[in-house]
Amino acid sequence: MQTPTLTQISPNSAVLPGEVLQFRCTTTRPTCISVDFSLYKSGTLIMNQPSETTTTSFTLTVDASHQGQYTCDYSYRETASTSPRSNSITITVVKVQQPNISISGAGGPVVTKGYGFSIICSTEPQYPRGSFNLNFSGSNITSTQSAVNHSAVFLFFEADFVHQGNYSCTYEVNVSSRIFTSATTEMLEITVKASLAPYIGIGLRAGLTAGLLLILVPIIICFVKTQKRQKIQTDEKKNTPRAKNTYESPQGANESDDETIYKNTETIFQQKDDSDNCDNDYVYGNNEQIRAVDNDYEDDEIYTNCVYIE
């Protein structure tokens with residue numbers, strides 16, 4: 001008996017659960033007797049198909065149990081002889097698990113405007129390589145990153161109000177030149193709130209201004225009071241009499257005060273000089289009188305003595 005040939009009618013060797021998988025088992029030797037064809041998966045008989053011709057087809061609805069290597073053979077009913085096994089075909093049943101989505105940040109799903117945050121997509125280890133898609137609802141924006149250790153991190157360096165909304169992840173994997181996409185994760189709602197930094201800055205500036213005012217106002221008041229006090233003292237000095245003969249002049253006569261003071265002072269010094277000269281003259285006169293009297297006295301005495309001698 002010749003070895004049959006197994007071919008796959010469906011186009012893909014990598015299939016999803018629920019898809020239809022078809023094989024054809026054929027023998028080239030013509031026969032006029034009935035033939036029973038058998039389909040095996042990984043050496044285990046899973047289906048028999050009687051045929052009156054040299055070929056038959058097997059149809060399967062795929063589930064996870066259908067992954068493996070498939071072969072076929074045939075046998076004649078009258079002789080009970082069986083052919084060798086056919087060539088094998090490997091079928092991969094792909095079931096991409098739904099990934100997980102989460103956010104990394106101090107505020108969780110509530111993000112402050114201007115601050116960074118990260119959205120993490122991850123899945124259980126199934127297939128090598130693969131990639132994650134981050135979808136933003138209400139927009140056509142989709143970001144894609146290759147999986148590293150079965151996860152991907154999507155960075156947002158500076159949150160803005162345009163980043164507010166619902167996010168979801170999907171996971172894609174390439175198996176046997178066919179792209180398989182997982183189910184979409186649950187929606188992750190991101191809320192962007194206004195930053196308090198501008199208000200804090202305004203408050204700090206207001207506080208600094210108030211502090212400066214509290215410092216400067218007492219200094220200004222003290223300076224004004226000092227200037228006013230000095231002006232009052234200056235005015236009092238101007239209005240105080242400088243000599244006994246000075247008098248308060250009416251407004252507009254202040255210019256003659258200095259001249260009057262000068263004249264009064266000069267008169268006082270002049271009278272003092274005259275008084276000194278008079279004292280000197282008096283002393284000189286007295287001295288002359290004294291000397292004259294003495295001389296007269298001496299002459300009379302000498303004369304008297306002379307008379308007495310005679």
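# Disulfides, sheets and loops

Reader: Is cysteine 72 buried or exposed?

Author: The relative accessible area of cysteine 72 is 0%. Buried means under 20%, exposed means over 50%, and partly exposed lies in between (1.4 Å probe, protein chains only). The value of 0% is under 20%, so cysteine 72 counts as buried.

Reader: What kind of model is this?

Author: Residues are numbered from 1 along each chain as its sequence is written, and side-chain values use heavy atoms, with hydrogens and water left out. Local features need pLDDT of at least 70, side-chain atom pairs count only at pLDDT 80 or more, and totals for chains, interfaces and linings use all residues, this being a predicted model.

Reader: Which cysteine forms a disulfide with cysteine 72?

Author: A disulfide here is a pair of cysteine sulfur atoms within 2.5 Å. The sulfur of cysteine 72 is 2.1 Å from that of its partner. The partner is cysteine 25.

Reader: What is the torsion about the S-S bond of cysteine 25 and cysteine 72?

Author: A disulfide is a covalent bond between the sulfur atoms of two cysteines. The one between cysteine 25 and cysteine 72 is right-handed, because its S-S torsion is about 80 degrees.

Reader: How many residues apart in sequence are the parts that cysteine 25 and cysteine 72 tie together?

Author: Cysteine 25 sits in strand 3, and cysteine 72 in strand 7 (residues 68-76). Helices (H or I, at least four residues) and strands (E, at least two) are DSSP runs, numbered from the N terminus. The pair therefore joins parts whose separation in sequence is 47 residues.

Reader: How many disulfides are there?

Author: Count the bonded cysteines along the chain, and the pattern is 1-2, 3-4. By the distance rule, the count is 2.

Reader: How far apart are the sulfur atoms of cysteine 121 and cysteine 169, and how many residues apart in sequence are the parts they tie together?

Author: The sulfur atoms of cysteine 121 and cysteine 169 are 1.7 Å apart, and the pair forms a disulfide. Cysteine 121 is in strand 11 (residues 117-122) and cysteine 169 in strand 15 (residues 165-175). The parts tied together are therefore separated in sequence by 48 residues.

Reader: What is the relative accessibility of cysteine 222?

Author: Cysteine 121 is buried at 0%. Cysteine 169 is buried at 0% too. Cysteine 222 counts as partly exposed, with a relative accessibility of 47%.

Reader: Which residue stands opposite leucine 6 in strand 3?

Author: Strand 1 and strand 3 (residues 20-26) are antiparallel and share 4 bridges. In strand 3, the residue opposite leucine 6 is cysteine 25.

Reader: Which residue in strand 14 is the bridge partner of phenylalanine 117?

Author: Strand 11 joins strand 9 (residues 100-104) through 5 bridges, running antiparallel. Strand 11 also pairs with strand 14 (residues 151-156), in the antiparallel sense over 6 bridges. In strand 14, phenylalanine 117 is partnered by phenylalanine 156.

Reader: What is the phi of histidine 150?

Author: Histidine 150 is in the loop between strand 13 (142-146) and strand 14. Histidine 150 is partly exposed, at 27%. Although not a glycine, histidine 150 has a positive phi of about 65 degrees.

Reader: What is the phi of serine 176?

Author: The loop between strand 15 and strand 16 (178-181) holds serine 176. At 46% relative accessibility, serine 176 is partly exposed. Serine 176 is not a glycine, yet its phi is positive, at about 55 degrees.

Reader: How far apart in space are alanine 159 and threonine 191?

Author: Alanine 159 is in the loop between strand 14 and strand 15. Alanine 159 is buried, at 2%. Alanine 159 and threonine 191 are 32 residues apart in sequence, and their C-alpha to C-alpha distance is 9.9 Å.

Notes: Two strands pair if DSSP finds at least two bridges between them.
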